[in-house]
There are 2 protein chains.
Amino acid sequence: MTDTGQETRRRRRRGAETVEKPQRSTDYRVLKNPFTPHEALPPERIAGMHETALRVLEELGMRVLLPDARRRYREAGAIVDEDTMMVRIGRDIVTEALATAPSAFRLRAPSPRRDLPMETGTLTFKAGAGSPNCADLVEGRRPGRLKDFENFIRLSQSFDVIHALAPCVEAQDVPIQSRHYAMTRAQLALSDKTPFVYARGTAQVLDGFEMIRLAKGLSEEEFRAEPHCTTVINTNSPRVIDIPMAQGIIDFAEAGQMATITPFCLAGAMAPITVTGALVLQHAEALAGIVLAQITRPGAPVVYGSFSSGVDMRSGSPSFGTPEHVQSAMIAGQLARYIDLPWRAGGGSAAPCADAQAANETQMALWGSVMGGCTLLIHAAGWMEGGLVTSFEKFITDLEPLQTIAELCTPPASDDAALGFDAIAEVQPGGHFFSAAHTMERYRTAFYEPLVADWSNHGQWMASGGLTATERATSVWQQVLADFTPPPPLPGMDAVDAFIERREKEGGAQVVD
Amino acid sequence: MTDTGQETRRRRRRGAETVEKPQRSTDYRVLKNPFTPHEALPPERIAGMHETALRVLEELGMRVLLPDARRRYREAGAIVDEDTMMVRIGRDIVTEALATAPSAFRLRAPSPRRDLPMETGTLTFKAGAGSPNCADLVEGRRPGRLKDFENFIRLSQSFDVIHALAPCVEAQDVPIQSRHYAMTRAQLALSDKTPFVYARGTAQVLDGFEMIRLAKGLSEEEFRAEPHCTTVINTNSPRVIDIPMAQGIIDFAEAGQMATITPFCLAGAMAPITVTGALVLQHAEALAGIVLAQITRPGAPVVYGSFSSGVDMRSGSPSFGTPEHVQSAMIAGQLARYIDLPWRAGGGSAAPCADAQAANETQMALWGSVMGGCTLLIHAAGWMEGGLVTSFEKFITDLEPLQTIAELCTPPASDDAALGFDAIAEVQPGGHFFSAAHTMERYRTAFYEPLVADWSNHGQWMASGGLTATERATSVWQQVLADFTPPPPLPGMDAVDAFIERREKEGGAQVVD
């Protein structure tokens, strides 16, 4: 919850109770990862993986479908075969690109209080993204609508532990040429966190940039000077960069906006079946995308993205939160640090419903990402069915481990007063500390307040309906939406609306496939 | 599952499928923790906590209810007030005890293949323990019976990732003076893993020792030379060691058997409300117990136990898997390493049913324990309602993250063949790796095989009943029990039965409260 909202909400939910509640303030806005990143492989093997990825780019190359992208690679010195569209990229080009790609930058938000440092050591979370469908226990599983998209923005805005916005669900009820107006407008109107723009062709991308620029009242130069939005570029593994993705890299780099280059390398399907083999391919593809960004505009803010996991070898279904996923994440983190770039990890679950499996997979992926030292974790809340669905209830239940990790970013007090010798002396052997002065001074703020966890005893739990956490989560998201107040309007929202009106009259902007 | 059993079971469960299954062998028997323990507090604060705990023992003392224990403390140099039963223990006595307590020892099992190194760096798991009740989706929530106890032993035996036995549920249908015969016999007959003996008075403890000695065909000397069973000693926080606990420490130390000294310090209830204050009290109480063991028999195998967490300040209910629990675990690990002893952490959940909350809490506690560098984690599977219930379904769903952690103990292959350059070269851009030679050579064994996770798509999942993981877990434990074959009988089981018969005729052994 926001640092002011949680108390209000909980007081309402438990309104019947008369016991005074703890009044705890939290600050989850900029988290510093307390854990030293895990070295799943020794450094020389990471170097060996990087070296093998360079061989993939030099000797095998990437198929790049966009002519303008091939031209840029060629001008940078790559060997391009126009017939096969294959681009072979020498290691000198990669080295130069890595030298200009910033290892740290500030991601700007509509509210400066939501600005995020994108650098190793910072920990930021985004909700589940890109799902065609959504689900809740009220309306069931369904294709996403604009209303659902907006509600996920409201939920994302309402919890500080969700640091920036993600396209949680596709607004399928809005025509494709107009959808990006609705999605971008909703993000700007309902949240003060950094918006997301899909790379679905230059026209849509530039529309998104313009709306954000207008809303914030920035000049073109001001907008281009810092990243004000993010996108994700997925290569088509193995070794293809398609037209919208290549165009997206170019468009975002030219405008100085943040692009995360994320190959989606499922081991055994689109990538070698070994964890390290899939990561070699991922690394090569990510490097190819980073090169395109840097030759387009040296210094363009890019994030090294990874989302490698395994598949069920019977069905080909992706799996998440498995040992292979966790190991892939931790080694991807090593690769990102090897090339000194911020790293985006991917969480989520492949569970068919919001249950114990879904919770276990999402939390396991969370820990793999945290222990891997990610800068940004996406799909951190709500994502299930391998991304086919974002669930309102799972969004809520997944916030609990995210908030727990956020709490772990602050070490507990260990000054002499905290160590409590006097309190221990005050309480007789076999006594209790409930009324000790040490307790009374601290009980309002001592403990994390759970969002959805229920610690009541069996009788109380049965008397209150015997609901699972997922069932209880329904009333949590409903209450958050009922209580929702949008942030103060941005100065240029009228200009945004005028822009949308004009562009809609012009027919909107077609998606480029 | 055991390293031979998982494949058999899964083939049966999915008997209708014709697709050839991967044939993967795993070895989860002795796990080396791959993670460097996390330093939640700087070393000087750990030293400060140890110092404060020494002050608690020196200046405030412990109330020790057993006269023989007070006599032993007094003879070791402690200041004892017989009227108040207060024992004040000087730091020299603590230092001497820590010098004789072994930092590493081998915990013997009925089968040598189940022997466990008890030392920092090893990772061992036990199931949820000590619950008065159990639950499953067939018979519901109920007081534990011997049948349930035996079934949990069978389940514990069936999965290698459960390393030693725990008293998962109380066999309430067996009279208290006979219960330990039935519980010890069941462990010896149904499992080749190290059994657990409750410290409920000398008569019961010695009965347990004798049964284990007889079953294994050991002489008295052989039995006393190494630990063949374990117990848990809970101090009565704050600062009381009651009669059965003090007697248990003495009995186990005299016989050279493993005692884990675990204060149960709920911050704000039986301990100071601060994480570090609760741990100071825990540390003092654990040290007092360790001293009693070492003055009874220098070198007696003891484990530093911790189980500190917070409480719901409205209801007083304990909480688990919270930030406070995780921080307590990680700092307890630092304290254990400070005094160079193996460390027992406690997992579990306070959830009222086996749902997403229960999964999240148990996994969060698991990661706190793993990142804290625990040697032994108890309550790792099945524990809910803060220990009032051990659930058969949750036992199964909790095994998935445990097996995932076990898989993480082995780094992925990173030799040149694993890096897969040739496979990447073989597959054309945009192609797939399903039929690549690199894949065909490895697909049977490449990936972890889930125990209960379902990765099928929505239609398939609905067609197979639309069950949650918890609901699916019912058929998993039922199948494991149906397939169960006990290990080969121990040589002395006839002698055990003769012993039980004789002791039962004598009236059994009363519990000491």
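Two residues are said to be in contact if their C-beta atoms, placed from the backbone, lie within 7 Å. The legends below describe a predicted model.

Figure 1. A:Thr322 is 38 residues from A:Asn360 along the chain, and the C-alpha atoms of the two are separated by 9.6 Å. Is A:Asn360 buried or exposed? A residue counts as buried if 20 or more other C-beta atoms lie within 10 Å of its own; A:Asn360 has 27 such atoms within 10 Å and is therefore buried.

**Figure 2. The contact between chain A and chain B.** Chain A brings 100 residues to this contact, and chain B brings 101 residues. On the side of chain A that touches chain B, helix H12 (residues 356-371) gives the most, with eight residues. The residues on this side of chain A comprise 54 nonpolar, 32 polar and 14 charged. Of the interface residues of chain A, 100% are also interface residues in chain B, so the copies meet through the same surface.

**Figure 3. The rotation axis that relates chain A to chain B.** Which residue of chain A comes closest to the rotation axis? It is A:Ala356, whose C-alpha atom is at 2.2 Å.

**Figure 4. Helix H18 of chain A, residues 469-483.** This helix has 15 residues and reaches 21 Å from its first C-alpha to its last, close to the 21 Å expected at 1.5 Å a residue. The buried residues in H18 of chain A are A:Ala469, A:Thr470, A:Arg472, A:Ala473, A:Val476, A:Trp477 and A:Val480. Seen down the axis of H18 of chain A, the buried residues fall within an arc of 145°, so they line one face of the helix.

**Figure 5. Confidence of the prediction in chain A.** The average pLDDT of chain A is 94, and 95% of the residues score at least 70. Over residues 3-22 of chain A, however, the pLDDT is below 50. Beyond near neighbours in sequence, this stretch has 24 contacts in the model. Where pLDDT is low, predicted coordinates should not be read in detail. The model scores ipTM 0.95 and pTM 0.96.

Notes:
Residues are numbered from 1 along each chain as its sequence is written. Chains are lettered from A and ligands numbered from 1 in the order in which they are written. This is a predicted model: local features need pLDDT of at least 70, side-chain atom pairs count only at pLDDT 80 or more; totals for chains, interfaces and linings use all residues. Copies are superposed by least squares on the C-alpha atoms of residues with pLDDT of at least 70 in both. Helices (H or I, at least four residues) and strands (E, at least two) are DSSP runs, numbered from the N terminus. Ala, Val, Leu, Ile, Met, Phe, Trp, Tyr, Cys and Pro count as nonpolar, Asp, Glu, Lys and Arg as charged, and the others, Gly among them, as polar. pLDDT is the predictor's confidence in each residue, from 0 to 100. The expected span of a helix is 1.5 Å times one less than its number of residues. A residue is buried if 20 or more other C-beta atoms lie within 10 Å of its own, exposed if 12 or fewer, and partly exposed in between; C-beta atoms are placed from the backbone. The arc is that of the directions from the helix axis to the C-beta atoms.
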